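Here is a short briefing on one protein chain. Look at its charged pairs first, then its helices and surface.

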Amino acid sequence: MTTPPGHPSAVAADQDRASPAGHRPPAGRPVPAPRALRAVRLGPRSLAALVLVSAVGAVAFLWPFLAPPASQLSAHAQDAPWLFAGLLVLLVAVVAATISESDLGPKAVAMLGVLAATGAALRPVGAGTAGIEPMFFLMVLSGRVLGPGFGFALGSITMFASALLTGGVGPWLPFQMLSMGWFTMGAGCLPAPVRLRGRAELLLLALYGSLAALAYGTIMNLAGWPFLDRSASGISFDPHAPVPANLARFAAYCLTTSLGWDLGRAVCTVVLTLALGPAVLRALRRATRRAAFETPVTFDAPVG
């Protein structure tokens, strides 16, 4: 198999070879500007499916604030498992559409499997103690290098694999898969993937990782807060209270139950991004260039 001359992966491979400081390419040999390679692209069908599942997920998260106080929200407790099951089916459909429409090759499948397995193995390391969850920094860096399409597939598959590994399969799993898909996809949507490198890129990824880690915890609180025992305390969901009152209750719930873990997750993500980010980014970008996901595969003609 050969790589067409002038393809970005071939140029990057030439640049990877050690060269003396100050060495310039020979005159008359233009070097094309680098561009980000994407293992999975979001096509029309994948984008439509992603918008659909995101809309359904947003309603599933925000229904306590969307439904009027006079509605019979207590009946939703019996319907919740069906909503979770439907959301999980939509998530699987999004991932399948993303992978099938993008003509995902065996090298991209292998990278998706390796990164998902690594993230799933990292999740139990801290077991969520004080928010020490090292998988989040890997998701941020992977989404940054490989793009939003790969990021959503990686985030949702990683969370599913880690749930199987840790025995955390339950009605919360679809929400975790969707939230992690959003989390990783957002890193791929950050600006200037080519021109912004070095310290500035690390600071951007650390800032995004900290904010996204806090947002992840807040979103996941929405999945369980409505089912908290209403007689337990004044921070549980009240179906008969107006929206501002429930917002105040939800804020109190987040402050008293999960803020410590969310802050720990954000700090852990920032520290690992700044400490290990340069090496991991180089490894991911080098692997992406070597794999040449976008290169059409050709075969040499047989000799004789």
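Arg144 counts as buried, at 2% relative accessibility (buried is under 20% relative accessible area, exposed over 50%, partly exposed in between, with a 1.4 Å probe and protein chains only). Glu201 forms a salt bridge with Arg144, and their closest N and O atoms are 2.9 Å apart (a salt bridge puts a side-chain nitrogen of Lys or Arg within 4 Å of a carboxyl oxygen of Asp or Glu). Glu201 lies in helix α7 (residues 199-224) and Arg144 in helix α5, so the pair ties together parts 57 residues apart in sequence.

The model is predicted: local features need pLDDT of at least 70, side-chain atom pairs count only at pLDDT 80 or more, and totals for chains, interfaces and linings use all residues. Residues are numbered from 1 along each chain as its sequence is written, and side-chain values use heavy atoms, leaving out hydrogens and water.

**Salt bridges**
- The count comes to four salt bridges.
- Glu201 is itself buried, at 2% relative accessibility.
- Glu201 also meets Arg285 in a salt bridge, at 2.5 Å from N to O.
- That pair links distant parts of the chain, with Glu201 in helix α7 and Arg285 in helix α9 (residues 259-291), 84 residues apart.
- Arg285 is buried, with a relative accessible area of 14%.
- Asp262 and Arg265 pair at 3.0 Å, N to O.
- Asp262 and Arg265 sit three residues apart in helix α9, so about one helical turn separates them.
- Salt bridges with shared partners join Glu133, Asp262 and Arg265 into one network.

**Helix α5**
- Helix α5 (residues 135-166) has 32 residues, yet its end C-alpha atoms are only 14 Å apart.
- A straight helix would reach 46 Å at 1.5 Å a residue (the expected span is 1.5 Å times one less than the number of residues).
- A kink of about 140 degrees lies at Gly147, shortly before Pro148 (the bend is the angle between axes fitted to the seven residues ending there and the seven starting there).
- Of the 32 residues of α5, 26 are buried, so the rest of the structure largely encloses this helix.

**Overall fold**
- The protein chain has nine helices and zero strands (DSSP runs numbered from the N terminus: helices are H or I with at least four residues, strands E with at least two).
- Buried residues make up 44% of the 304 residues.
- Of the contacts with a separation of 6 or more, 80% join residues 24 or more positions apart (contact means heavy atoms within 4.5 Å).
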